[in-house]
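Hi,

Here is the structure I promised to pass on. Have a look, and my notes follow below.

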Amino acid sequence: MTLEICVKAAAGAPEILGDCPFCHRVLLTLEEKKIPYKLHLVNLSDKPQWFLDISPEGKVPVVKFDDKWVPDSDVIVGILEEKFPEPSLITPPEFVSVGSKIFPTFVKFVKSKDSNDGSEQALLEELKALNEHLEKIGGPFIAGEKITAVDLSLAPKLYHLKIALGYFKKWSVPESLTHVHNYIKVTFGREAFEKTKSAEQYVIAGWEPKVNA
């Protein structure tokens, strides 16, 4: 059974996979579970009618399960785990929220026009907390030796953080956060990640209007 999935096409390049971290999360889940899928790239700046018919709010990702199109990456990942339990990607409950504040604090910092607004410090605190967690648990992943759903959600967001802050702020994760650096190396280096990531230029193109708003 091949699942159909609609994801964001690259800004200015509708034939190329775009930069949505939520789409990336679902694609990573499909790849890690070795589920066959068919990709539909959607130009979000000029949404086709067929897409609006299946996703009236115009949001991606959407996946077709049993003739029904389902939105929301949280919901989709939950259904995938239920329908395709092997290999299990279930995150132990105590680790589900690890790193969950990194993306919102990154968004605030990358859009910030005021270097004294505390947004950089807030992001550093979240990255330090992740570093401490990985050190305590022994890593390399959030739940220990095995990759789980929480990693597949966080890794695409860290990919955006690394590229966007490097480009727009000339900022990078401090070298002292060695466990975070190792986490990035291990997650980004997986075959599934390499296969499903958007090219750096499209991540930058995706953030440009938000940063310059």
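Two strands pair if DSSP finds at least two bridges between them, and strands (E, at least two residues) and helices (H or I, at least four) are DSSP runs numbered from the N terminus. This is a predicted model, where local features need pLDDT of at least 70, side-chain atom pairs count only at pLDDT 80 or more, and totals for chains, interfaces and linings use all residues. Numbering starts from 1 along each chain as its sequence is written, and side-chain values use heavy atoms, with hydrogens and water left out.

First, the hairpin. Strands β4 (residues 62-65) and β5 (residues 68-71) run antiparallel and are joined by four bridges. Phe65 has Lys68 in β5 as its bridge partner. Two residues sit between the strands, and Asp66 takes a positive phi near 50°.

Now the helices. α4 (residues 102-111) packs on α6 (residues 149-168) at about 15°, with axes 10 Å apart; axes are lines fitted to C-alpha atoms over the stretch in contact, and angles run from 0 to 180 degrees between N-to-C directions. That makes the two helices, α4 and α6, roughly parallel (under 35 degrees; 65 to 115 is roughly perpendicular, over 145 roughly antiparallel, the rest oblique). Contact (heavy atoms within 4.5 Å) involves Phe103 and Phe106 of α4 and Leu158 and Leu161 of α6, among others.

α6 also packs against α7 (residues 178-188), at about 110° with axes 10 Å apart, so α6 and α7 are roughly perpendicular. Residues in that contact include Tyr159 of α6 and Phe188 of α7.

Cheers
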